[in-house]
Amino acid sequence: MDEKRLINEINQQIKNKVNLMEVCGTHTHEIKRLGLESVLSNNVNLISGPGCPVCVSSCGMIDQAIECLKDKKTIVTFGDMVKVKGTTSSLKEMKIKGYKVIVIYSPLDLFNIIRNNIDEEIIFLGVGFETTAPVIASVIKQMKKSNQKNVSFLLDIKRMKPILIYILSKNHKINGIVAPGHVATITGSEYFRFITEDYHISCAICGFTSLDILSGIYYLSKHKGKLQFINLYSRAVRPNGNPLAKNIINEVFEESDAYWRGIGSIKYSGYRLNSEYKDYDAINKYQLNIVHNEIDNDCCCDKIMLGLKKPTECKYFRIICHPNNPLGPCMVSSEGCCLAYYKYGRKYG
Amino acid sequence: MDKITLVHGEGGSVSEELIQNHIKKQFNNVYLKQKLDSALIDVSKKIAFTTDSYVVKPLFFSGGDIGRLAVSGTVNDLMTVFSTPLFLSCSFIIEEGFEMKSFNRILKSMKETCLEANVEIVTGDTKVVPKGDADGLYINTSGIGMVDKNHVKPLEEGDTIIVSGSLALHGTVILVDRYQLKMDMSITSDCKPLNYLLEVINKYKDGINMMRDPTRGGLGTLLNEISTQNKVTIEINEETIPFHDEVKAVNELLGIDPLYVSSEGRMVFVVKSEIANEMVNDLKKLEDGENASIIGRIKNKNRDSIVYMNTKIGGKRIVGALDDLILPRIC
Ligand code: SF4
């Protein structure tokens with residue numbers, strides 16, 4: 001079936017409201033970019049979830065990274081992270097002031113940076129979910145193997161399952177989950193089965209093309225009332241995922257509590273370096289004290305990430321809060337939900 | 001000397017050697033032979049006058065280099081106001097230690113691009129700054145073009161929007177280099193002077209209401225500018241916007257929307273709808289023009305100044321202005 005037929009089918013079969021959460025920021029952006037909501041029946045209510053690693057990154061991490069800069073260290077990080085505000089400043093503002101912040105696209109670029117800055121203390125500030133964790137883990141492993149001394153890692157890596165459990169026990173309106181295909185590539189589709197088995201909510205694992213997403217919505221709306229669990233991204237996702245990637249995660253990391261911006265600390269919802277790699281943990285190496293502050297404003301990113309509010313229901317949206325003056329990380333990250341609504345979601349024509 | 005040093009910018013005999021044996025050797029013409037501090041040019045008509053600075057990295061990229069870009073960019077800006085480009089100025093700011101071989105390569109490329117564009121560099125300047133104060137080499141060019149008659153006209157409801165070829169090639173080639181993506185690619189930058197369009201432009205000039213080149217910020221930014229400046233609503237159709245498959249793939253990988261990625265050798269025309277089909281057919285016959293396409297229209301006038309897209313699945317969405325730097329996504 002092509003996209004247009006799928007849309008027709010969805011609109012014809014759906015008689016009552018269904019609330020579907022797409023967990024992943026990339027899905028949210030694609031939905032908005034395609035203008036999906038302009039062609040789907042109003043009965044399909046698409047809610048964005050917490051699957052953007054930048055949006056849920058702890059403010060305390062940014063604050064610590066800023067302290068490290070003041071201490072003459074170099075911070076290397078991903079593009080979106082430089083714009084996220086800590087309690088007082090952002091890495092972008094620090095960079096403008098002359099502190100050394102290097103933006104990279106892939107953690108693999110770290111090798112070059114270390115080679116070219118041999119006399120500097122380099123800290124990689126990394127965020128991500130299970131998707132990014134294996135690459136970061138393998139970089140750390142290689143660093144240890146080659147006995148690199150001038151690099152350490154300030155990591156805020158999150159796990160998808162604990163936050164989903166948290167959401168599903170708080171938000172009871174959700175009828176179906178569009179689960180993130182790239183996380184599933186690593187973890188395997190079985191990782192998400194608890195959604196259907198424990199929480200009695202249908203779940204479709206989806207890729208990122210228009211056809212993938214529409215198939216997910218079609219499937220979840222078609223079987224309303226009847227529980228379904230399906231992997232619609234089987235071209236990339238195996239039931240047990242990618243064993244190599246899972247192994248390297250287990251080799252380098254251990255599960256730990258993690259702090260979710262606006263939400264708080266959630267048990268075992270993150271990864272930290274295990275004892276064998278503690279020399280590479282910046283927190284350990286420099287005795288950093290991460291204080292999980294929240295920025296004192298009325299940004300309701302937390303409610304948005306839990307699917308309890310839409311960006312358009314935030315009183316600051318578009319009025320005070322926009323990409324040049326983001327109050328919350330949801331307006332910063334290219335995966336952020338508020339940014340997606342800002343970019344694609346006004347009236348047209 | 002195989003490197004450019006601070007002495008090359010001091011104005012003494014070493015400077016003179018650089019100017020005579022390298023720069024003037026390439027750009028030789030009657031105006032430079034005047035050996036005056038300013039070129040003297042006879043102008044009897046209305047002129048177009050523009051300037052731009054070029055700080056691209058890398059200096060050499062697949063399909064061009066900073067020199068070709070510096071000539072093309074200014075020539076193309078002159079063309080957007082329906083002028084015939086004639087004369088350029090050229091200023092270099094060079095970092096101490098810059099390889100003479102690279103400098104000569106850039107000069108040669110500028111010379112060749114000038115020949116292609118039928119323009120001459122008639123005045124210029126060279127400064128050398130201490131190592132670390134600049135990044136390699138920067139170029140500024142200004143240009144003068146002769147205007148026959150001002151053909152930029154008000155836009156009307158129903159006007160058709162045409163692009164002269166496949167978009168976002170230049171910006172994508174630069175992205176691949178910047179993020180060191182190890183990809184086997186066939187695409188090269190589209191960087192070139194647009195004089196080759198003159199024949200078609202002259203044929204249809206009464207029907208062309210506006211021409212603009214989608215450089216920095218790409219098509220998305222340009223259409224937003226047109227919409228705001230002219231108070232018009234613009235409608236574009238996703239399926240008709242020509243992007244090479246590799247352009248789509250690279251940008252998808254990086255999480256960047258190619259609508260906002262630059263072209264350096266393309267023109268966007270807003271034309272009367274009656275001539276649109278015929279004009280596109282003529283554009284398609286030009287070298288590298290096979291992907292020329294009608295991409296949208298002026299939907300209404302004096303309503304909202306917005307740009308929206310009919311997406312490939314039949315949805316609608318806003319094409320907003322770019323708010324910040326283009327940065328790739330994380331995962
Ligand atoms: S619009 Fe801004 S202030 Fe409101 S929730 Fe989103 S990021 Fe926070």
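Apart from neighbours within four places in sequence, B:Asn251 is in contact with B:Thr172, B:Leu175, B:Ile256, B:Pro258 and B:Val261. The model described here is predicted. B:Asn251 lies in helix α8 of chain B, and its relative accessibility of 0% means that B:Asn251 counts as buried.

**Helices α5 and α8 of chain B**

Helix α5 (residues 169–178) of chain B and helix α8 (residues 245–254) of chain B have axes 10 Å apart and pack at an angle of about 50 degrees. The two helices, α5(B) and α8(B), are therefore oblique to each other, and their crossing is left-handed. On the side of α5(B), the residues that meet α8(B) are B:Leu169, B:Thr172, B:Leu175 and B:Val176. On the side of α8(B), they are B:Val247, B:Val250, B:Asn251 and B:Leu254. Sorted by class, the contact of α5(B) with α8(B) has six nonpolar residues, two polar and no charged.

**Helices α3 and α4 of chain B**

Another pair in chain B is helix α3 (residues 66–79) and helix α4 (residues 100–117), which pack with axes 7 Å apart at an angle of about 30 degrees. Angles under 35 degrees count as roughly parallel, and α3(B) and α4(B) are therefore roughly parallel to each other. The crossing in which α3(B) passes α4(B) is right-handed. From α3(B), the contact is made by B:Ile66, B:Gly67, B:Arg68, B:Ala70, B:Val71, B:Ser72 and B:Val75. From α4(B) come B:Ile106, B:Ser109, B:Met110, B:Thr113, B:Cys114, B:Glu116 and B:Ala117. The contact of α3(B) with α4(B) has eight nonpolar, four polar and two charged residues.

**Helices α1 and α10 of chain A**

In chain A, helix α1 (residues 3–13) and helix α10 (residues 210–222) cross at roughly 20 degrees, and their axes come within 10 Å. These helices, α1(A) and α10(A), are therefore roughly parallel to each other, with a left-handed crossing. The residues of α1(A) that make the contact are A:Glu3, A:Leu6, A:Ile7, A:Glu9, A:Ile10 and A:Gln13. Those of α10(A) are A:Ser210, A:Leu211, A:Leu214, A:Ser215, A:Ile217, A:Tyr218, A:Ser221 and A:Lys222. By class, the contact of α1(A) with α10(A) divides into seven nonpolar, four polar and three charged residues.

| α5(B) and α8(B) | six nonpolar residues | two polar residues | no charged residues |

**Buried parts of chain A**

Helix α14 (residues 337–344) of chain A has seven of its eight residues buried, so it is largely enclosed by the rest of the structure. The buried residues in α14(A) are A:Cys337, A:Cys338, A:Leu339, A:Ala340, A:Tyr341, A:Tyr342 and A:Tyr344. Their cover includes α2 (25–34), β2 (44–51) and α13 (301–305) of chain A, together with β13 (316–318) of chain B.

A:Ala65 is in helix α3 (residues 59–70) of chain A. With a relative accessible area of 0%, A:Ala65 is buried. Leaving aside neighbours within four places in sequence, A:Ala65 is in contact with A:Ile75, A:Leu91, A:Leu125 and A:Leu154. A:Ala65 and A:Gly176 are 111 residues apart along the chain, and their C-alpha atoms are separated by 38 Å.

Chain A has 14 helices and 11 strands. Its radius of gyration is 20 Å, close to the 20 Å that the globule rule gives for 349 residues, so chain A is as compact as a globular protein of that length. Along the principal axes, the C-alpha atoms of chain A fill a box of roughly 65 × 45 × 35 Å. Of the 349 residues in chain A, 60% count as buried. Among contacts in chain A between residues at least 6 apart in sequence, 77% join residues at least 24 apart.

Chain B has nine helices and 13 strands. The radius of gyration of chain B is 21 Å, close to the 20 Å given by the globule rule for 331 residues, so chain B is as compact as a globular protein of that length. The C-alpha trace of chain B spans about 65 × 55 × 35 Å along its principal axes. Buried residues make up 55% of the 331 residues in chain B. Of the contacts in chain B with a separation of 6 or more, 85% are between residues 24 or more positions apart.

Terms used:
Residues numbered from 1 in each chain as written. Chains lettered and ligands numbered in written order. Predicted model: local features only at pLDDT ≥ 70, side-chain atom pairs only at ≥ 80, totals over all residues. Heavy atoms only, no water. Axes fitted to C-alpha atoms, helices over the stretch in contact; angles between N-to-C directions. Helix = DSSP H or I, 4+ residues; strand = E, 2+ residues; numbered from the N terminus. Parallel < 35°, antiparallel > 145°, perpendicular 65-115°, else oblique. Left-handed = near helix turned anticlockwise from the far one by under 90°. Contact = heavy atoms within 4.5 Å. Nonpolar A, V, L, I, M, F, W, Y, C, P; charged D, E, K, R; others polar. Rg over C-alpha atoms; globule rule 2.2 N^0.38 Å. Buried < 20%, exposed > 50% of the residue type's maximum accessible area, 1.4 Å probe, protein only.
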